[in-house]
Amino acid sequence: MNILKFFTAGSVDDGKSTLIGRLLYDTDSILADQLEALQHSNRKNDDGTIDLAILTDGLRAEREQGITIDVAYKYFQTEKRKFIIADTPGHIQYTRNMVTGASTANLAIILIDARNGVVEQTIRHSYLVSLLELKHIVVCINKMDMVAYNETVFNAIIEKYKTLAQNLGLKNVTYIPVSALKGDNIVVPSSTMHWYEGESLLHFLEQVEVDDHDTTEPARMPVQWVIRPQTDELHDYRGYAGRVLSGTFKLNDYVTVLPSNVSSTISRIEFFDDDLLQAYVGQSVIIHLKDNIDISRGDILVNSSALPIESKRIEADLCWMDARVLDPSITYLIQHNSKLSKCKIDEIIFKVDINTLEKAAADDFKLNDIGRVVLKTAEVLSYDVYGDNRANGSAILIDSRTNLTVGALMFRN
Amino acid sequence: MDYLDELESESIHILREVAGQFEKPALLFSGGKDSITLVRLAEKAFRPGKFPFPLVHIDTGHNFEETIRYRDEMVERIGERLIVGAVQQSINEGKVMEQTGKNASRNALQTVTLLDTIQAHGFDACIGGARRDEEKARAKERIFSVRDEFGQWDPKRQRPELWNIYNGKIHKGENVRVFPISNWTELDVWNYIRREKIALPSIYFAHQRDCITRNGQLMAASPFLNMDDEDIITNRKVRFRTVGDMSCTAAVESDADQIDDIITEITASKISERGARMDDKVSEAAMEDRKKGGYF
């Protein structure tokens, strides 16, 4: 059994929380006391059934306002898979939360209200999915019950979305007509839409192959912590602890330590009580090198025959996440895996209007703005392009005045 | 990658980030299965080195004796440092007052002892075993969750948490609660404990115990519970799904005395884990309020 992490994008009115509530409800993932709390709640649907959206509305402010204001994580499992859902709000003020939810997901569900079709916010959500380079997209055309389960409506929306997907370079798009409220095609196939021959949403999610553990990519492991017990029996023990970001490290592999650019061979790979022959993407291990090299947190071990880019000047897509506007005159911190460096925004190349997807020159970034910048870092970063290597191609910006995370960065060259 | 391996690896990564980013971290150890799991993960993250943090137990004084015995044996076995912050001491110092009445519990008093312990030792990060599947306020909390100097959580001012990058930057006086098993469910924890053959305090397994019924839930009869003539003691076969203060941790009737039986029982269960904690029942927003007030 493996894990599928997905996120859902849709507006307050698209029935997103109802969809997630329905997945949980129909997979029997709601426990008795939660159900009891639901039944005691005075929020009901028009037909008197339980409002499943309550299951994902966590905070008091949300219950009062009836909208989702933050990223909520939900968990359920079937016999085939464990699922982690990032429920992210679709309202424009909260683009930053959507980017957050999407950053850890392997798959995106985009909700479209069958009555409205492809609208401005569909473009916005799809653009963010393309920006974060999610490899799998499911477009759920919801509220089919409100359009009399009409196939023509469904097909017209698909046609329109295909053009958008092509413009954005989205691949692997699957379309499913659903009614989250009534339960059509969420867990069980719809008894009304016989014209639809595809799978239910859950069935699709259980089967879809997500290859985010590609062991053939260039090997990368940032050093998080150096283990030196310095006891009598382990006097010379020196292990580099980290999680493999990409690819595979094998015993006796020739590796390079960056940014110092010193090379050595792997003499031992440890995981707790075991010695391993190899460590692959996703594993947290301890690596030992044959030569005694000065390595500390912030350094990265890489495959010597496939080096990453090394630069202090980096072009990146930036999503601004703070209420304070970007200030090119101040020094920010950039956190790239275990490395922390000072940096400045040297240039703003363009900003994207996420409703029209038009690029325009700009001299500031406000909350939820997205565009491309050039960063100037105090120290050399060893990174890959985001499209080639998500884990080594992403970073965050921290405002050292407030310590808040103010930006998400995706390296582009 | 198998799901338990993936969860384990993510948690180890988080623990090592704590070691790398903070000056004085601590691991909050309650003696419950979640914090026991954290200890195993810390062994996997840092052995053969020492843990870069002590274990901290906030002791309400109203413990199941089995838990304290387990704690002391475990600390002896792993050879790490244990710091105990006692609620009794906070009471003696007049910082908190013992609750009165039938539902009196020291559970809420822990927050003060915890904050005092954090301050006395200057901890800048406290690792805890909370999971997002426990409760809906927790479902929205970050893995690195910043608290102000009063220990308060502000759900509206949470930092975005992207990819696997954790921002542990704080101002003086603030601290961070870190939840390495955020993405685990109760069932995941049990499956992991089974796979790793981790020993647990015996109260997790079915045993005979004198109980009374309070607010529809079974409570262990103990000197820490304010009982009166209306409380009828019956001996039942029970187990506990969480380990907390004796005055607020409810038992469930069960015959599951082996981990396999417990997993079968949980899979089929119709009461969620926190449902067995009376303190969450007080109001729908109970957890949110307590988190804002500096509780774990």
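Colleague: Which residue just after α3(B) takes a positive phi?

Modeller: Keep in mind that this is a predicted model. Helix α3 of chain B covers residues 65–78. Just after α3(B), a positive phi of about 65° turns up at B:G79.

Colleague: And how far does α3(B) reach from its first C-alpha to its last?

Modeller: The helix has 14 residues, and at 1.5 Å a residue you'd expect 20 Å. The model comes out close to that, with a reach of 20 Å.

Colleague: Which residues of α3(B) are buried, and what do they pack against?

Modeller: The buried ones are B:T67, B:Y70 and B:R71. They cover an arc of only 100° around the axis, so they sit on the same side of α3(B). The face turned away from that side carries exposed B:E65, B:D72, B:E73 and B:E76. As for packing, the buried residues of α3(B) go against residues 55–59 of chain B, that is, β2.

Colleague: Over in chain A, why is β18(A) described as largely enclosed by the rest of the structure?

Modeller: Side chains in a regular strand alternate between the two faces of the sheet. In β18(A), A:Y332, A:I334 and A:H336 point one way, A:L333 and A:Q335 the other, and all are buried. The strand counts as largely enclosed because its buried residues number 5 of the 5.

Colleague: What is the bridge partner of A:L333 in β22(A)?

Modeller: β18(A) runs antiparallel to β19(A), joined by 5 bridges, and there A:Q335 stands opposite A:L340. β18(A) also pairs with β22(A), again antiparallel, over 3 bridges. In β22(A), A:L333 is partnered by A:I398.

How values were computed. Residues numbered from 1 in each chain as written. Chains lettered and ligands numbered in written order. Predicted model: local features only at pLDDT ≥ 70, side-chain atom pairs only at ≥ 80, totals over all residues. Buried ≥ 20, exposed ≤ 12 C-beta atoms within 10 Å, placed from the backbone. Helix = DSSP H or I, 4+ residues; strand = E, 2+ residues; numbered from the N terminus. Pairing = 2+ DSSP bridges. Expected span 1.5 Å × (residues − 1). Arc of directions from axis to C-beta. Contact = placed C-beta atoms within 7 Å.
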